[in-house]
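Visitor: Can you walk me through this one? I'd like the strands, then the surface.

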Amino acid sequence: MSNHFVCPVCGKDYAGRNRTFCSLACRNVDAAARAAPRGACQRCGKELPRFNKLYCSKECELAATGRSCMVCGKRMPPNNHKYCSMECRKIQPKICPVCGKTYRSPYATCGAECATERKKLDPDWDDKMQRYIRSALSALAQSPYTAPGELNYKAKHWILQAPDGAVYEIDNLAHFIREHPDLFPPSERERAMKGLCGLKASALGKTKRRNLTWFGWRLLGFREQNETYLEHVKK
């Protein structure tokens, strides 16, 4: 088993056991950061309960980053689907075009039997579905909102500081890493993605250790919404 570890402050490798930092200086830097003012909630302005939090409560976090249920309007986490619960999902059922039965499913019919009957009624059903799938995949490949660029609708907004002090404000971290081989060599892209995402996880309090830097890179801020995508959609 290797006894080499990575310092969460400076990013250097060091050997040793029962040590969190590579030196006393790095330990003092982390202690000073923890003793610093906690700051204010990004939504309501109240004092934060912890130094590595962005919002004072779950309500403020959902109001700032969440989305609304399509039926009742209740705020829910951004990774949820269109509905907040199964009750709201049941309000908008589908009607099977073959048997007329009410069902809730992403498929075109309520079950395999009705799907078979629909194919019998329309012998060109398989060809139509293949054409539809090819058309959908082609549209996804051509759309700038699904392409691996700054307009991708799933991309996040990042503010990073490089080891040389340069500040980069970007809307797609993976695209930024690919487009800057001088900063991130191709062989180090996956490692850089994990390291920078680790800084965000640490800022949200999702890690046991608080990582301030990753090989000199610092996370100055981030937003869950892609500003470039939102501005492009509003036009």
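Guide: Strand S7 (residues 157-161) pairs with S8 in the antiparallel sense, over four bridges. Strands are DSSP runs of E, at least two residues, and helices are runs of H or I, at least four, numbered from the N terminus. Pairing takes at least two DSSP bridges between two strands. This is a predicted model: local features need pLDDT of at least 70, side-chain atom pairs count only at pLDDT 80 or more, and totals for chains, interfaces and linings use all residues. Residues are numbered from 1 along each chain as its sequence is written, and side-chain values use heavy atoms, leaving out hydrogens and water.

Visitor: Which residue in S8 is the bridge partner of Ile159?

Guide: Glu169.

Visitor: What's the strand order in the open sheet?

Guide: S8-S7-S10-S9, with antiparallel pairing. S8 (167-170) and S9 (213-214) are the edge strands, each pairing on one side only.

Visitor: What does Thr213 touch?

Guide: Leaving aside residues up to four places away in sequence, Thr213 touches Pro8, Val9, Cys10, Gly11, Leu199 and Arg218. Contact means heavy atoms within 4.5 Å.

Visitor: New topic. Where is Tyr132, and is it buried or exposed?

Guide: Tyr132 is in helix H5 (residues 125-142). Tyr132 counts as exposed, because its relative accessibility is 55%.

Conventions
Buried < 20%, exposed > 50% of the residue type's maximum accessible area, 1.4 Å probe, protein only.
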